[in-house]
Amino acid sequence: MTALAAAAPTRQARHARAAVAALFLTNGAIFFNVVPRYPQIKADLGLTNVALGAAIAAFPIGALLAGLLAATAIRRFGSARTGAFGIVLTTVAVLGIAVAPDVYTLAAVLFAVGALDSIVDVAQNSHGLRVQRLYGRSIVNSLHGVWSVGAVLGGLMGSAAAGLDLPLGLHLSISAALFSTVALIAYRYTLAGPDERSSGPGGGSHVTSRAVPILAVLGVLAACGALVEDAGASWGAIYLTDLHAGAATAGLAVVALQTAMTLGRLTGDRAVDRFGQRTVVRAGAALAAIGMGAALTVASVPVALIGFALAGLGVATLVPAAMHTADELPGLAPGTGLMIVSWMLRGGFLLSPLVVGFLADQAGLRVGLLTVVAAGLTTVALARVLVNGNHR
């Protein structure tokens, strides 16, 4: 460990880390706070499953289209301001869900929420990596772990509101006030001043020829992480049902994957500092491939649950590593590398269910889920582009 990494962080650095962690927590909580209210929204608007699904699909579409504006917003307003005030704007946009009179308005609102969320996501990661450079050691994995904790807290909050039969408008107004207050308080403790380049002199006014293929590979790595994560969310319960698991047990597939991923992110910084980012990602990807390979080979519910957990644990540090490396690339203006990787990550989440579903229809879900094994092996092969330390 270097002298810089061994030095105790300053008070400013500790405050900034707590502040950016609060932004990650709040960002994770906002949308998942709404998800448990979908049944009520569906009933209130008299929507079919197809209509609700189409409206929900507007969220990732908005994120994909607006995500390309994130770097411009960061350069103009700064990562801290974009992240914090972006969260406030997101909570305001979410209020539109409560007053949407039809499926078209609901889709438009979710499109706007997805657009804002994608910009906030890039901004908070950009600021988190700025704080990480001040620390001199890895902290970005724990920030992503805090996001996952926020998602769980948001889901619990939404579930409680639904259980109490709280009017949707009142529920979302309370959450908007709460999340906006947290974001604005956190903003006071973020790092002041402009976002500086982390990759040396020159200010990053142009993209070097070397950066383009590396960015493409980093985007593929991020998409691999998305594919593995989506496998648990979209197909885990269905696969366990095919193994004759009960409904309650089948639902544990995504729980196993997300819990293991969260634990991996909360503890991943220590592993990265000790062994290096590239080494940890490669080892994790191999673990994910082996775990899911076993789950698909052995027709057993316990083995499948273990396999999904190992997949989540194995890719826990993959997306943070891809984002970190993108942020360190020379010749890029602040936020550009993160923006591109985040955009391809969201593209992975959008395309993954379609790819797995198509393969499942053609040859069965077991074959479709072999894409998780392929994603792990692809990551092992491509991880050589990752920065191995946590600073240059």
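Q: Hi! At what angle do the axes of helix H4 and helix H16 cross?
A: Hello! Keep in mind that this is a predicted model. In it, the axes of H4 (residues 49-66) and H16 (residues 336-363) cross at roughly 155°. Those two axes come within 9 Å.

Q: OK, so are H4 and H16 roughly parallel or roughly antiparallel to each other?
A: Roughly antiparallel. An angle over 145 degrees counts as roughly antiparallel, and theirs is roughly 155°, so H4 and H16 get that label.

Q: And is the crossing of H4 and H16 left-handed or right-handed?
A: That crossing is left-handed.

Q: Which residues make the contact?
A: From H4 you have Phe 59, Pro 60, Ala 63 and Leu 64. On the H16 side, the partners are Trp 343, Arg 346, Gly 347 and Leu 350.

Q: How do the residues of that contact divide into nonpolar, polar and charged?
A: Six of the residues between H4 and H16 are nonpolar, one is polar and one is charged. Gly counts as polar here, in case you were wondering about Gly 347 of H16.

Q: Which residues are the closest to its centre?
A: Phe 31, Phe 32, Trp 147, Glu 229 and Phe 349 are the closest to the centre of the largest pocket. They belong to a lining of 45 residues.

Q: Which elements give two or more residues to that lining?
A: Quite a list, and H4 and H16 turn up again! The others are helix H2 (11-32), helix H7 (103-135), helix H8 (140-163), helix H10 (211-242), helix H12 (252-275) and helix H15 (318-328).

Q: Where does the largest share come from?
A: From H8, which provides nine residues of the lining of the largest pocket.

Q: What does the lining look like by class?
A: The largest pocket is lined by 25 nonpolar, 14 polar and six charged residues.

Q: What about the second largest pocket, what volume does it have?
A: Its volume is about 240 Å³. There are 17 lining residues, and Phe 77, Gly 78, Gly 193, Pro 194 and Asp 195 lie nearest the centre of this second pocket.

Q: Which elements give two or more residues there?
A: Helix H5 (70-77) and helix H6 (79-99) do, for the lining of the second largest pocket. By class, that lining divides into eight nonpolar, four polar and five charged residues.

Q: Back to helices! How do the axes of H5 and H7 cross?
A: They cross at roughly 55° and come within 9 Å. That angle makes H5 oblique to H7, and the crossing of the two is right-handed.

Q: Which residues meet there?
A: Ala 70, Ala 73 and Ile 74 of H5 meet Ile 119, Val 122, Ala 123 and Ser 126 of H7. The contact of H5 with H7 has six nonpolar residues, one polar and no charged ones.

Q: One more: at what angle do H8 and H15 pack?
A: At about 130°, with their axes 9 Å apart. H8 and H15 are therefore oblique to each other, and their crossing is right-handed.

Q: And which residues meet in that pair?
A: H8 brings Val 140, Asn 141 and His 144, while H15 brings Val 319, Pro 320 and Met 323. The contact of H8 with H15 has four nonpolar residues, two polar and no charged ones.

Terms used. Residues numbered from 1 in each chain as written. Predicted model: local features only at pLDDT ≥ 70, side-chain atom pairs only at ≥ 80, totals over all residues. Heavy atoms only, no water. Axes fitted to C-alpha atoms, helices over the stretch in contact; angles between N-to-C directions. Helix = DSSP H or I, 4+ residues; strand = E, 2+ residues; numbered from the N terminus. Parallel < 35°, antiparallel > 145°, perpendicular 65-115°, else oblique. Left-handed = near helix turned anticlockwise from the far one by under 90°. Contact = heavy atoms within 4.5 Å. 1 Å grid on protein atoms, 1.4 Å probe; cavity = no way out; pocket = protein on both sides within 12 Å on 5 of 7 lines; lining within 4 Å. Points joined across faces, edges and corners; volume = space filled by probe spheres on them.
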